[in-house]
Amino acid sequence: MKIEAVIVEDSRLARNELKELIKKYPEIELIGEAENVDKGFELIQEKSPKLLFLDINMPEKDGFELLEMLDEVPITVFTTAFDEYAIKSFEYNALDYLLKPVSEKRFSMALDKVKKKLAAVSDDKVADKRLSVNSQIFIKDGEACWLVKIGDISHFEIVGNYTRVFFEDKNPMLYKSLNQVEEKLPEQDFFRANRQQIVNTNFIDNVVPWFNGKLKLQMKNGEEVEVSRRQSYIFKDRMSL
């Protein structure tokens with residue numbers, strides 16, 4: 001299995017060190033490198049790598065800001081000379097964290113994690129560029145940050161011009177409109193219940209008849225979502241045999 005990777009790192013020396021380590025692993029195909037966030041964003045948008053080696057502390061914009069710019073985040077291994085970022089990077093659910101200069105042993109350990117992660121994630125992108133249930137999105141709300149798998153999100157809800165995201169016991173804000181979010185979601189797994197909410201159909205525990213031909217969805221996490229009358233007809237048609 002070829003692992004297409006990119007490096008986003010402002011130090012040429014650090015990029016060269018990573019490239020020397022990568023050369024020892026023929027399964028990694030380095031398809032590009034960038035020295036700042038903006039070029040890194042363009043590179044990732046163009047190449048769609050499976051693996052990102054990302055420096056945290058870069059001039060103008062840092063590595064965390066790059067993740068905020070991406071609709072879908074590759075498997076990410078942070079690299080930095082400052083171990084103060086270690087705890088913060090794991091708040092972002094990064095796969096691993098490498099302290100520069102990176103040793104061959106530590107790099108090998110990180111690559112093992114990458115391979116296990118890739119083996120568990122099917123390469124199921126669809127032609128229209130929608131995300132899959134295994135895609136990751138980056139969410140930053142205040143000082144807290146997450147990399148969240150789409151399939152782990154139970155539902156989305158409008159809050160003003162933005163969208164609240166519900167997963168596990170968290171409900172941070174995503175600074176995109178619900179319509180923008182809907183355009184990226186896998187249609188077979190997510191359903192627009194009403195003007196305010198989109199639900200992950202895999203999280204529906206029970207469907208209850210409601211007033212005026214409407215339905216109420218009881219979610220596995222205890223939430224209840226009322227389906228509009230129009231969407232109730234669509235839901236019944238979609239979910240019936």
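Student: In this predicted model, what is the order of the strands in the open sheet, and how do they pair?
Tutor: Five strands form the sheet, in the order β10-β9-β8-β12-β11. Their pairing is antiparallel.

Student: Why do β10 and β11 count as edge strands?
Tutor: Each has a single partner strand, so one side of each is left without a neighbour in the sheet. β11 covers residues 190-192.

Student: How do you know that β8 and β12 pair?
Tutor: The rule asks for at least two bridges between two strands. Strand β8 (residues 153-159) and strand β12 (residues 197-200) have three bridges.

Student: Which residue in β12 is the bridge partner of Phe156?
Tutor: Ile198 is its partner.

Student: Now the charges. Why is the contact of Arg15 with Glu33 called a salt bridge?
Tutor: The cut-off is 4 Å between a side-chain nitrogen of Lys or Arg and a carboxyl oxygen of Asp or Glu. Here the closest N and O atoms are 2.9 Å apart.

Student: What does the pair of Arg15 and Glu33 tie together?
Tutor: Arg15 lies in helix α1 (residues 12-23), and Glu33 lies in strand β2 (residues 28-34). The pair therefore ties together parts that are 18 residues apart in sequence.

Student: Is Arg15 buried or exposed, and how do you know?
Tutor: Buried means under 20% relative accessible area. Arg15 has 9%, so it is buried.

Student: What about Glu35 and Lys39?
Tutor: Their side chains meet in a salt bridge, at 2.8 Å from N to O. Glu35 has a relative accessible area of 31% and is partly exposed. Lys39 counts as partly exposed too, at 42%.

Student: How many cavities of 30 Å³ or more are found in the whole structure?
Tutor: The search finds one. About 30 Å³ of space lies in the largest cavity.

Student: Which residues line the largest cavity, and what makes its lining part nonpolar, part charged?
Tutor: Ala14, Glu17, Leu18, Leu21, Lys100 and Val102 line it. Ala, Leu and Val count as nonpolar, and Glu and Lys as charged. The lining therefore divides into four nonpolar, no polar and two charged residues.

Student: How many residues line the second largest pocket, and which lie nearest its centre?
Tutor: It is lined by 19 residues, with Leu70, Asp71, Phe138, Leu174 and Lys176 nearest the centre. Its volume is about 350 Å³. By class, the lining has twelve nonpolar, one polar and six charged residues.

Student: Which elements each supply at least two residues of that lining?
Tutor: They are β6 (136-141), β10 (173-174) and α6 (178-184).

Definitions and conventions: Residues numbered from 1 in each chain as written. Predicted model: local features only at pLDDT ≥ 70, side-chain atom pairs only at ≥ 80, totals over all residues. Heavy atoms only, no water. 1 Å grid on protein atoms, 1.4 Å probe; cavity = no way out; pocket = protein on both sides within 12 Å on 5 of 7 lines; lining within 4 Å. Points joined across faces, edges and corners; volume = space filled by probe spheres on them. Helix = DSSP H or I, 4+ residues; strand = E, 2+ residues; numbered from the N terminus. Buried < 20%, exposed > 50% of the residue type's maximum accessible area, 1.4 Å probe, protein only.
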